[in-house]
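Have a look at the structure first, then read on.

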Amino acid sequence: MPSTTAAAPTNAPAWRRATEAVPRGVWGVADQGIVSLANFATPVLVGRYGGREELGYYTLGLSVYLFVYALARSVVWTPYTKHSPELTGAELAGFTGSCTAHLGVFSVASTAVVGLTAAAAGLAGNTAIAWTLLAAVPMMAAMLLREHVRRLCMAQMDFVGVLAFDSVVSLAQVSLIVSLAVSRRIDAASAFLAIALTVVLPAAWIAMNRRDFAFAPSRFRGDWLRNWSVAKWLAAASSMVTLGNQGYRWVLPALAGMAELGRLGAAQVMVQLTNPIVIGLSNYLGPMTARTLADEGSAALYEKTKRISVAMAGAILMFLGVVALIGVPLVRLLLDDAAEGVTRLLVVTLAAGALSEALLMPIQAATVNRGRADLLFRTAITRLVINLTLGFGLVSAYGAEAIGVGMVLGSVVALTWQWIAFAVEVDRD
């Protein structure tokens with residue numbers, strides 16, 4: 001089993017030996033803390049200084065990026081994380097170059113679709129939504145490139161390197177957003193355009209590390225087909241899950257107006273406090289489960305996944321108790337007038353829904369690396385049906401407070417199904 005800490009040469013500088021003695025998972029959580037702080041500050045500043053309606057538009061534009069991000073994770077980054085540990089030297093550089101080219105094509109295609117959607121919204125007279133989506137286009141391109149750099153580093157377990165990279169990018173992002181807030185010129189569109197300006201930093205990182213990329217067009221198609229054997233199920237599953245979860249963001253303003261979506265966005269701020277740990281752990285789980293399965297087998301992976309899941313479940317219950325006690329006062333402190341109408345029921349149900357998704361991360365990582373992405377597809381269909389029927393029905397009757405309930409119901413079904421399947425496979429082996 002590979003160590004969870006990196007091994008530094010005995011003649012390495014003292015700072016490097018000290019850094020690499022720390023478990024990689026700790027650096028992964030620290031890195032996600034930096035990223036989440038920047039992503040936390042942005043909607044807070046948009047809501048506090050731009051108002052609840054602008055926070056609604058920001059939430060709407062971000063939901064489009066999250067859908068695109070989920071697809072990119074499925075078709076590019078998860079296959080890269082799965083296959084790259086098997087490769088070294090020129091083979092790894094060639095595979096990295098191919099996956100980077102795949103991301104480039106995907107980025108162009110997805111941003112073009114969003115741009116056309118913005119144009120259609122403008123022609124239909126929805127100028128505010130059109131401008132928001134148009135501003136989201138360059139933001140999406142910048143965020144995809146940034147995430148690509150992060151995923152390349154994390155696949156090689158270089159969490160210290162990604163921490164340094166994200167510290168620079170996050171500082172730039174927060175500085176730009178704060179400058180807009182101070183000048184009182186912040187709204188959803190300007191926030192997206194500010195984030196887009198940070199694209200120069202991941203582009204510079206790729207340029208400085210160009211020796212790690214070998215762009216060989218002759219292998220682009222072969223590497224794509226290799227990845228697609230895993231990605232086709234993941235892409236279908238993530239599309240369904242994200243459509244169900246993010247679809248609430250589009251149904252809600254249609255039913256109750258953009259200010260109601262802003263209320264949801266305000267409550268979402270509380271959930272974002274968990275991102276450093278939840279997403280940091282998710283970033284670590286992919287490469288960790290791949291290596292555990294390769295080195296120790298499925299039985300060891302089952303036990304490790306179970307321990308992580310139990311620990312996460314306990315932490316989630318504790319956090320929900322904290323949300324019930326201080327969630328509403330904290331949101332009001334951060335967002336001022338934009339938090340008007342945020343209730344304890346809303347923050348608790350929304351947090352429960354989001355964290356039920358987080359509880360799926362360990363078993364889903366194990367499922368993917370066991371080559372059972374088809375199982376994710378089947379559970380995703382079930383979750384989508386629950387969201388489109390019971391979930392949307394509850395939202396139409398009870399508003400934003402019901403969104404988390406629909407998410408929890410879908411997650412419980414998927415969680416139960418995937419754990420039963422894993423247990424049966426382990427017993428069979």
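Buried means under 20% relative accessible area, exposed means over 50%, and partly exposed is in between (1.4 Å probe, protein chains only). This is a predicted model, where local features need pLDDT of at least 70, side-chain atom pairs count only at pLDDT 80 or more, and totals for chains, interfaces and linings use all residues. Residues are numbered from 1 along each chain as its sequence is written, and side-chain values use heavy atoms, with hydrogens and water left out.

**Cysteines**
- With a disulfide taken as a pair of cysteine sulfur atoms within 2.5 Å, the count is 0.
- Cys99 is in no disulfide, as its nearest cysteine sulfur, in Cys153, is 14 Å away.
- Cys99 is buried at 1% relative accessibility, and Cys153 is buried too, at 6%.

**Aromatic pairs**
- Rings of Phe, Tyr and Trp (its six-membered ring) pair if their centres lie within 6.5 Å; planes under 30 degrees apart are stacked, over 60 edge-to-face, and the rest tilted.
- That gives 12 aromatic pairs.
- Tyr65 and Tyr69 have ring centres 6.0 Å apart and planes at 40°, so they're tilted.
- Tyr65 is buried at 5%, and so is Tyr69 at 15%.
- Trp419 and Phe422 are stacked, because their planes sit at 25°, with centres 6.3 Å apart.
- Trp419 is buried at 18%, and Phe422 at 0%.
- Phe165, Trp205, Phe213 and Phe215 are linked into a cluster by ring pairs.

**Charges over rings**
- A charge sits over a ring if NZ of Lys or CZ of Arg is within 6 Å of the ring centre and within 35 degrees of the ring normal.
- Arg370 lies over the face of Phe422, 3.9 Å from the ring centre.
- Arg226 lies over the face of Phe95, at 5.5 Å.
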